[in-house]
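Please look over the structure below before reading the comments. They are meant for someone who has not seen it before.

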Amino acid sequence: MIVNVVDYGKSGDKNFIEYHTRGLSSEQMNFLNDNLDDETEIDGDVLKLKMYFDNDLYPFQSETAQFRLDDFIAREEIEMNIFISSFLEDM
């Protein structure tokens, strides 16, 4: 499974991160699409997931994140990979 952060920022008064996940079976994508509470969409072999965050939980809000953005994005991709993997264990 490969998770990529493809977009992030502010939408209205909420911060968001959009992830694209590849390497899942159609059964896994359907399970995630049906059971995750966040915005999801299946587009071919990609599961698109958009999560919203309050300011205090948004990982890209700090000044450090702005200087080391690549590190913060990589960490976020790893954390989402772990989250999705653990979620799929319930399948």
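1. Basis. This is a predicted model, in which local features need pLDDT of at least 70 and side-chain atom pairs count only at pLDDT 80 or more, while totals for chains, interfaces and linings use all residues. Residues are numbered from 1 along each chain as its sequence is written, and side-chain values use heavy atoms, with hydrogens and water left out.

2. Strands. Helices (H or I, at least four residues) and strands (E, at least two) are DSSP runs, numbered from the N terminus. Strand 2 and strand 4 are paired antiparallel over seven bridges (pairing requires that DSSP finds at least two bridges between the two strands). Here Tyr19 stands opposite Leu49 of strand 4. Strand 3 and strand 4 also run antiparallel, joined by five bridges, and Ile42 has Leu47 in strand 4 as its bridge partner. Two residues lie between the strands in the hairpin of strand 3 and strand 4, where Gly44 takes a positive phi near 65°.

3. Helix 1. Met29, Phe31 and Leu32 are buried in helix 1, which covers residues 26–35 (buried means under 20% relative accessible area, exposed over 50%, partly exposed in between, with a 1.4 Å probe and protein chains only). Seen down the helix axis, the buried residues fall within an arc of 160°, so they line one face of helix 1; the arc is that of the directions from the helix axis to the C-beta atoms. Ser26, Glu27 and Asp34 are exposed on the face turned away from the buried side. The buried residues of helix 1 pack against strand 3 (39–43), strand 4 (46–53) and helix 3 (69–88).

4. Core. The largest nonpolar core has 21 residues, of which Ile17, Tyr19, Leu32 and Met80 touch the most other members. Such a core is a set of buried Ala, Val, Leu, Ile, Met, Phe, Trp, Tyr and Cys residues joined through side-chain atoms within 4.5 Å. Two or more residues each come from strand 1 (2–11), strand 2 (14–22), helix 1, strand 4 and helix 3. Helix 3 gives the most, with five residues. Not counting residues up to four places away in sequence, Leu32 touches Leu24, Thr40, Leu47, Ile84, Phe87 and Leu88 (contact means heavy atoms within 4.5 Å).

5. Asn81. This residue is found in helix 3. Asn81 is partly exposed, with a relative accessible area of 23%. Leaving aside neighbours within four places in sequence, Asn81 is in contact with Met1 and Val3. Asn81 and Asn4 are 77 residues apart in sequence, and their C-alpha atoms are 9.2 Å apart in space.
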